[in-house]
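Please read the following briefing alongside the sequence and the model.

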Amino acid sequence: MELPVRKKIRLDGFDYSSCGTYFVTICTTKRYALLWEEASIGQIEPPLSQMGKIIETAIQQIPGHYDAIEIDKYCIMPDHVHLIVIIRPSEQTPCAIDPAAQRATSAMLLNVIGSMKRWVSRQLGYSIWQKSFYEKIIRNSVEMDEVRQYIQDNPQKYANSLLD
């Protein structure tokens, strides 16, 4: 019996050891809608569930744990989270040609997202997350503006889709 092959989610040829800006999406297990108050789905500004509030706290705490990380924008949807994560040069992540610096930076995004997911899981007493996460490299200001707008509009679009 052949096991299913996991889909490759990293971009071939991209230097993940470089500083950069990433659009990250993290999903709940089986896309269960756990992060908004159930009765509020369909509202324009739905309140977060207790789980959603814990996730928001975790997101807001990320820059305090990593001097090279900035969370530019985020939104918490019923079954997933969107973030714009910026990795900047710092003493810990110089984003240089030095192989040691490259290893530190390439692991940074994985560490940040992994640590956030683990912290949330510890707060809840169990994991609500899918194993991996999706990230897209934001390469220029046009893409950055598009992703920011997508994050801004996503809750409203979701609410509208429930009314259709």
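## Overall architecture

The protein contains three helices and four strands, where helices (H or I, at least four residues) and strands (E, at least two) are DSSP runs, numbered from the N terminus. Read from the N terminus on, the elements follow the order β-α-β-β-α-β-α. This is a predicted model, in which local features need pLDDT of at least 70 and side-chain atom pairs count only at pLDDT 80 or more, while totals for chains, interfaces and linings use all residues. Residues are numbered from 1 along each chain as its sequence is written, and side-chain values use heavy atoms, with hydrogens and water left out.

**Burial, surface and contacts**

- Of the 164 residues of the protein, 41% are classed as buried, a term that means under 20% relative accessible area, with exposed meaning over 50% and partly exposed lying in between (1.4 Å probe, protein chains only).
- The protein exposes about 9,800 Å², of which carbon and sulfur atoms supply 53%; accessible areas come from the Shrake-Rupley method with a 1.4 Å probe, and for residues only the protein chains shown count as cover.
- Among the contacts (heavy atoms within 4.5 Å) with a separation of 6 or more, 67% are made by residues 24 or more positions apart.

**The sheet and the helices that pack on it**

- Four strands form an open sheet in the order S2-S3-S1-S4, with antiparallel pairing; two strands pair if DSSP finds at least two bridges between them.
- S2 and S4 are the edge strands, each pairing on one side only.
- On average, neighbouring strands of this sheet are turned by 20 degrees against each other, direction ignored; axes are lines fitted to C-alpha atoms, for helices over the stretch in contact, and angles run from 0 to 180 degrees between N-to-C directions.
- H1 packs on the sheet and touches S2 and S3, its direction making about 165 degrees with that of S2.
- H3 lies across S1, S2, S3 and S4, and runs at about 155 degrees to S3.

**Strand S1 and its partners**

- S1 and S3 pair in the antiparallel sense over eight bridges, and Phe-23 has Ile-84 in S3 as its bridge partner.
- S1 is also joined to S4 by five bridges, again in the antiparallel sense; here Tyr-22 stands opposite Ile-137, and Thr-21 stands opposite Ile-138.
- S1 is mostly covered, with eight of its eight residues buried.
- In a regular strand the side chains alternate between the two faces of the sheet.
- From S1, Gly-20, Tyr-22, Val-24 and Ile-26 point one way, whereas Thr-21, Phe-23, Thr-25 and Cys-27 point the other way.

**The nonpolar core**

- The largest nonpolar core has 40 residues, and those with the most contacts inside it are Val-24, Ile-55, Ile-69 and Leu-83; such a core is a set of buried Ala, Val, Leu, Ile, Met, Phe, Trp, Tyr and Cys residues joined through side-chain atoms within 4.5 Å.
- At least two residues of this core come from each of strand S1 (20-27), helix H1 (50-65), strand S2 (69-76), strand S3 (80-87), helix H2 (99-124), strand S4 (134-138) and helix H3 (141-163).
- H2 supplies the largest share of this core, seven residues.
- When its neighbours within four places in sequence are left aside, Ile-69 is in contact with Ile-62, Pro-63, Val-85, Ile-86, Ile-87, Met-108 and Val-112.

**Loop residues**

- Lys-30, in the loop between S1 and H1, has a positive phi of about 55 degrees although it is not a glycine, and Lys-30 is exposed, with a relative accessible area of 63%.
- Arg-31 is found in the loop between S1 and H1 and has a positive phi near 55 degrees, again in a residue other than glycine, but Arg-31 is partly exposed, at a relative accessible area of 41%.
- Trp-129 lies in the loop between H2 and S4 and is buried, with a relative accessible area of 7%.
- The C-alpha atoms of Trp-129 and Arg-31 are separated by 8.8 Å, although these residues are 98 residues apart along the chain.
- Beyond its neighbours within four places in sequence, Trp-129 has contacts that include Ile-26, Cys-27, Ile-55, Val-81, Met-116 and Val-120.

**Cysteines**

- The structure holds zero disulfides, a disulfide being a pair of cysteine sulfur atoms within 2.5 Å.
- Cys-27 is buried at a relative accessible area of 12%, and Cys-75 is buried at 7%.
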